[in-house]
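Here is a short tour of one protein model, meant to be read with the structure open beside you.

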Amino acid sequence: MRLVVNEFISLDGVVQAPGGAEEDTDGGFRHGGWTHPYFDEEVIGGFIAKGASTTDALLFGRRTWQTMAGAWPERAGDPFADWMNSVRKYVVSDTLTDAEVAGWENSVRFGGAEGVAEIRKLREGAGQDLTVMGSPTLVRTLLAEGLVDELRLVVMPVLLGGGKRIFPEDGGLRAMELVSSAVNAKGAQVVTYRAVQA
């Protein structure tokens, strides 16, 4: 499987709370829902649908999984919601229990200590994409471990002035090659970068 990271990201690299005001207010973050003015069905919606079509499983950190598990089951009947609910989901967490995770259809938990090893096993197995949404702490770890095969970023034309980011600050050089790019009429850029193997 390829490990793919899908993120809505600001020009200054923030990924926190793209979907709504109360999604994640850690650190006093007050700009939740900042992606909405720039979304369009054709370019961004098409990009999301294409990503879903190649995703065999989703991978989340605890907080993002909880946010998604609290939102998608009640939206059943919408095609994307039905896909979110039925696709295999993995969550890396030491605080959630297996019983809690089982509350959202097709969800499986890995403890934090074995998370990287389990993700390596998934990545080495057969299948299409193992896709990460949100989950900035997990994404930083995956990038630092060299496990990310592709970054799919929706870059919104906005500066947020602070918030959670996905990129490691460890001084490591990680080369990426641009695979595709598109811009919508609202100035959002949809870009795909593939990791260059050393």
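## Who lines the pocket

Helix H1 (41-53) and the strands S6 (150-156), S7 (176-183) and S8 (189-195) each give at least two residues to the lining of the second largest pocket. Please keep in mind that this is a predicted model. H1 makes the largest contribution to that lining, with five residues.

The second largest pocket has a volume of about 280 Å³, and 17 residues line it.

## Helix H5 and its neighbours

Helix H5 covers residues 112-124, 13 residues in total. From its first C-alpha to its last, H5 reaches 19 Å, close to the 18 Å expected at 1.5 Å a residue.

Which residues of H5 are buried? They are Gly115, Ile119 and Leu122. The buried residues of H5 pack against strands S1 (2-10), S2 (55-61), S3 (88-92), S4 (107-110) and S5 (129-133), and also against helix H6 (136-144).

## A look at Asp82

Asp82 sits in helix H3, which spans residues 79-86. Its relative accessible area is 34%, so Asp82 counts as partly exposed. Leaving aside residues up to four places away in sequence, Asp82 touches Ala76 and Gly77.

For a sense of distance, Asp82 and Ala182 are 100 residues apart in sequence, and their C-alpha atoms are 27 Å apart in space.

Key. Residues numbered from 1 in each chain as written. Predicted model: local features only at pLDDT ≥ 70, side-chain atom pairs only at ≥ 80, totals over all residues. Heavy atoms only, no water. 1 Å grid on protein atoms, 1.4 Å probe; cavity = no way out; pocket = protein on both sides within 12 Å on 5 of 7 lines; lining within 4 Å. Points joined across faces, edges and corners; volume = space filled by probe spheres on them. Helix = DSSP H or I, 4+ residues; strand = E, 2+ residues; numbered from the N terminus. Buried < 20%, exposed > 50% of the residue type's maximum accessible area, 1.4 Å probe, protein only. Contact = heavy atoms within 4.5 Å. Expected span 1.5 Å × (residues − 1).
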